[in-house]
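This note sets out some points on the structure shown below. Please read each point with the model in view.

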Amino acid sequence: MFFCKYITIEKYNLKEFITLHYEIFNSIIMKKIFLLIVVSCFGMSLFAQDIQLPAPQKKGGKPLMEAINQRQSVRTFSDKDLDLQTISNLMWVAYGYNREDKLVIPTAMDKQQFEIYVALKAGVYQYDAKANKLILKVKGDHRKATGKQDYVWNAPVNFIYVVNSEILDSSVECGAIFQNVYLYCSSAGLGSVVRGYFDQAELKKLLNLGEKKKVVLCQTVGYKAG
Ligand SMILES: Cc1cc2nc3c(=O)[nH]c(=O)nc-3n(C[C@H](O)[C@H](O)[C@H](O)COP(=O)(O)O)c2cc1C
């Protein structure tokens with residue numbers, strides 16, 4: 001009888017022991033998981049802001065004469081995002097390199113005085129052609145700041161073409177940039193329109209451009225609505 005009682009007490013203690021230690025163990029694991037989540041969120045916000053683009057596709061597309069024949073301005077856009085490959089192709093046709101240190105567009109004396117920004121839903125990025133990266137400049141959706149016409153605000157991609165007059169005070173080359181983008185869009189079945197109707201002061205402030213840099217033009221790209 002005594003022996004039985006002893007076992008019962010021991011069993012009870014053992015059960016209590018396991019429950020207690022299971023709870024402690026559980027709370028340690030939970031704490032570790034929580035810590036891991038916090039650290040990864042912090043890490044992501046610190047390091048995962050820039051976008052590494054896939055290599056641009058330099059072959060294919062419609063024949064040049066067809067692309068030119070179909071070039072036109074589009075002002076009705078679906079809000080569907082463009083994939084990274086298409087964004088990479090767009091950045092490259094706008095201002096990528098097609099030879100060692102030489103751009104796809106000509107610039108006077110090869111001064112390469114432009115900076116190319118792009119406003120996406122997640123933020124405004126600057127194109128780093130050498131690294132094939134989009135460098136985050138301003139977090140958040142600032143597409144509205146890139147134009148005063150409402151079709152701009154929900155289109156997935158809005159380019160901002162900036163000239164640095166400290167390097168060379170010449171904006172005419174911007175025509176080559178926006179025409180390359182127009183022709184790529186015409187070839188890839190996308191819609192586009194280049195735009196001069198935006199608030200210079202607002203964009204300069206947003207991008208922190210300073211005195212020597214100014215926005216020459218903006219350009220919207222996306223799928224045509226309907
Ligand atoms: C320098 C420049 C500025 C322009 N600005 C605007 C603009 O702010 N908004 C707009 O809707 N279209 C703008 N456009 C597009 C023209 O309106 C368009 O090219 C013109 O109507 C001819 O139409 P197409 O491009 O379909 O041939 C601009 C075009 C150029 C070249």
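1. Seven strands form an open sheet with antiparallel pairing, in the order E1-E6-E5-E4-E7-E9-E8. Helices (H or I, at least four residues) and strands (E, at least two) are DSSP runs numbered from the N terminus, and two strands pair if DSSP finds at least two bridges between them. Strand E1 (51-52) and E8 are at the edges with a single partner strand each, so one side of each has no neighbour in the sheet.

2. The model is predicted: local features need pLDDT of at least 70 and side-chain atom pairs count only at pLDDT 80 or more, while totals for chains, interfaces and linings use all residues. Residues are numbered from 1 along each chain as its sequence is written.

3. Strand E5 (residues 123-128) and strand E6 (residues 133-139) run antiparallel and are joined by six bridges. Val124 stands opposite Val138 in E6.

4. Strand E7 pairs with E4 in the antiparallel sense over six bridges, and Phe114 has Val163 in E7 as its bridge partner. Eight bridges join E7 to E9, also antiparallel; here Phe159 has Gln219 in E9 as its bridge partner. Seven of the eight residues of E7 are buried (20 or more other C-beta atoms, placed from the backbone, within 10 Å of a residue's own), so the strand is largely enclosed by the rest of the structure.

5. Helix H5 (residues 200-207) lies across E4, E5, E6, E7 and E9 and runs at about 95 degrees to E9. Such angles run from 0 to 180 degrees between N-to-C directions, and axes are lines fitted to C-alpha atoms, for helices over the stretch in contact.

6. Helix H3 (residues 84-95) packs with helix H4 (residues 174-188) at an angle of about 145 degrees, their axes being 7 Å apart. The contact (C-beta atoms, placed from the backbone, within 7 Å) involves Thr86, Asn89, Leu90, Val93, Ala94 and Tyr95 of H3, and Ile177, Asn180, Val181, Tyr184 and Ala188 of H4. These residues comprise eight nonpolar, three polar and no charged. Here Ala, Val, Leu, Ile, Met, Phe, Trp, Tyr, Cys and Pro count as nonpolar, Asp, Glu, Lys and Arg as charged, and the others, Gly among them, as polar.

Conventions:
Two residues are in contact if their C-beta atoms, placed from the backbone, lie within 7 Å. A residue is buried if 20 or more other C-beta atoms lie within 10 Å of its own, exposed if 12 or fewer, and partly exposed in between; C-beta atoms are placed from the backbone.
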